[in-house]
Amino acid sequence: MGKKVTVVGAGFYGSTTAQRLAEFDVFDTVVITDIVEGKPAGLALDLNQSRAIEGFETKVVGVTTGPNGEGYESIEGSDVVVITAGLPRKPGMSRMDLLETNAKIVRQVAENVAKYAPNAVVIVVSNPLDEMTALAQLATQFPKNRVLGQAGMLDTARFSNFVAEALNVPVASVRTLTLGSHGDTMVPVPSKSTVNGKPLRDAMPAEQIEELVVKTRNGGAEVVALLKTGSAYYAPSAAAARMAKAVAEDSGEVMPVCAWVDGEYGISGVYLGVEAQIGAEGVKRVVETDLDADERASLLEAAEAVRAKQGDISSM
């Protein structure tokens with residue numbers, strides 16, 4: 001039985017994620033769904049026609065879904081479902097401004113996923129990320145390890161890119177980490193960040209690190225402000241696709257993701273950005289890393305901020 005992955009939502013984020021997943025050539029089938037009539041089928045046709053050029057065999061299937069769950073039978077047997085559905089930010093909007101609108105969309109999607117792909121690992125990318133991940137778990141009633149969110153990989157990649165550009169070094173020589181929430185209480189971790197294996201704090205002054213931390217926190221908003229008609233999708237889709245690949249291959253790779261935290265760092269009962277080992281069952285385990293006192297305090301603060309907002313979503 002071949003591997004199957006579904007991407008819900010055929011906007012820029014969803015279509016780019018589907019392309020990356022197909023080009024990995026580790027899945028038999030990539031299903032892309034959307035509520036816009038014909039759009040996913042058109043994208044699938046286009047992507048399938050690139051197979052001979054890019055040299056992959058994965059078949060892409062596009063399906064239009066309806067308000068009462070029509071079309072969702074096509075996701076049956078999916079090993080992974082990536083939920084990108086929802087409205088993107090407009091300039092000046094925070095991720096939280098999308099809460100109510102996207103909660104309705106994500107709940108409906110999650111209920112259909114539970115019905116038609118009951119064994120899938122769900123990767124949520126809809127904003128506000130931490131809240132939508134918690135909502136998807138409530139709506140699917142899946143074990144918490146099988147529902148996770150994409151944020152930390154993206155924020156870490158942004159941090160690494162900014163450090164590489166500031167120091168004019170290859171991005172491959174930079175290792176950074178961000179934890180916490182995908183938003184105002186993001187916690188970049190300079191103590192675990194290195195350049196060519198040496199501590200980041202030896203490579204640049206504390207003020208400059210702080211500037212790049214702020215730039216990372218506002219990374220998405222900066223893209224939104226420049227695009228004016230949507231939000232980032234190249235870097236976010238790269239992160240979501242890598243997570244889905246780790247699930248499909250049961251790789252055990254450690255990645256920063258939004259995962260259910262139950263005792264790690266002295267924090268319990270909340271979805272939060274942490275490092276986790278990813279495999280066929282989703283999160284195999286949360287990996288606790290040594291943080292300095294300030295970073296640990298920031299992570300506790302992020303957990304409480306996210307907890308307060310996640311408490312509101314059960315009624316949505």
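Two strands pair here if DSSP finds at least two bridges between them. The model is predicted, and this tour starts with one such pairing.

**Stop 1: the hairpin.** Select residues 253–262, which are strand 12, and colour them apart from strand 13, residues 268–279. Strand 12 and strand 13 run antiparallel and are joined by 10 bridges. Together they form a hairpin with five residues between the strands. In that turn, pick G263, whose phi is positive, about 115°. Then show W260 and look across to strand 13, where its bridge partner is Y271.

Stop 2: Show Q277 with R285 of strand 14, which stands opposite. Is strand 13 mostly covered or open? Mostly covered: nine of its 12 residues are buried.

**Stop 3: the two domains.** Zoom out and colour 4–149 as domain 1 and 152–314 as domain 2. Their centres, taken over C-alpha atoms, lie 22 Å apart. Domain 1 puts 37 residues into the contact and domain 2 puts in 42.

**Stop 4: the interface.** The two domains bury about 3,300 Å² between them, with 71% of that area on carbon and sulfur atoms. Between domain 1 and domain 2 there are zero salt bridges, but 10 residue pairs are in polar contact. On the domain 1 side, select the elements that each supply at least two residues, among them helix 1 (12–24), helix 4 (99–116) and helix 5 (129–140). Finish on helix 5, which gives the largest share of that side, eight residues.

How values were computed:
Residues numbered from 1 in each chain as written. Predicted model: local features only at pLDDT ≥ 70, side-chain atom pairs only at ≥ 80, totals over all residues. Heavy atoms only, no water. Buried < 20%, exposed > 50% of the residue type's maximum accessible area, 1.4 Å probe, protein only. Helix = DSSP H or I, 4+ residues; strand = E, 2+ residues; numbered from the N terminus. Domains from an automatic or database assignment. Contact = heavy atoms within 4.5 Å. Buried area = accessible area lost by both parts, 1.4 Å probe. Salt bridge = Lys/Arg side-chain N within 4 Å of Asp/Glu carboxyl O. Polar contact = N/O pair within 3.5 Å; in protein donor to acceptor, adjacent residues only side chain to side chain.
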